[in-house]
Amino acid sequence: MMFSDLSDDSSPRCPICNGEGPPAGRDSVCPGCQELLDWCRQHLAELLEVPPEAITLKADLEHDLGADSLDIVELVMEVEEYFDVQVPDEEALKQMRTLTDAVRYIQAQTRRQPASAR
Ligand SMILES: [Zn+2]
């Protein structure tokens, strides 16, 4: 969809939100994404009983990490509770293929429904 937009190799961008970095830290994402990334990774690690290091940005939750739809639904429930947003299970299942997708998806949801608006 948006992979072809203006990427400038001279200024590294966050691979998740495509915002100006500086990408720092272990995952080379911007600080805002890192926070959400850590949250997702930790919860996924607990749900899937895998070491957090195994959950890389591009690891496929289902094929690489053995997640099934119930695991994703459970993550979605935690996301809903923690971030105070509504996430349709079916939509989430379709969209959350990797950790990067999950973080992007949660960002989109929280942007769409600021907690104060409910
Ligand atoms: Zn970012």
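Trainee: What describes the crossing of α1 and α4?
Mentor: The axes of α1 and α4 cross at roughly 115° and come within 10 Å. Axes are lines fitted to C-alpha atoms, for helices over the stretch in contact, and angles run from 0 to 180 degrees between N-to-C directions. Helices are DSSP runs (H or I, at least four residues), numbered from the N terminus. This is a predicted model, in which local features need pLDDT of at least 70 and side-chain atom pairs count only at pLDDT 80 or more, whereas totals for chains, interfaces and linings use all residues. Residues are numbered from 1 along each chain as its sequence is written.

Trainee: Which residues of α1 and α4 meet?
Mentor: From α1, Cys-33, Leu-36, Leu-37, Cys-40 and Arg-41 meet Leu-99, Ala-102, Val-103, Ile-106 and Gln-107 of α4. Contact requires C-beta atoms, placed from the backbone, within 7 Å. Leu-37 touches Leu-99 and Val-103, and also Asp-27 and Val-29, not counting residues up to four places away in sequence.

Trainee: How far is His-63 from Thr-98 in sequence and in space?
Mentor: The two residues are 35 residues apart in sequence, with a C-alpha to C-alpha distance of 9.8 Å.

Terms used
Contact = placed C-beta atoms within 7 Å. Helix = DSSP H or I, 4+ residues; strand = E, 2+ residues; numbered from the N terminus.
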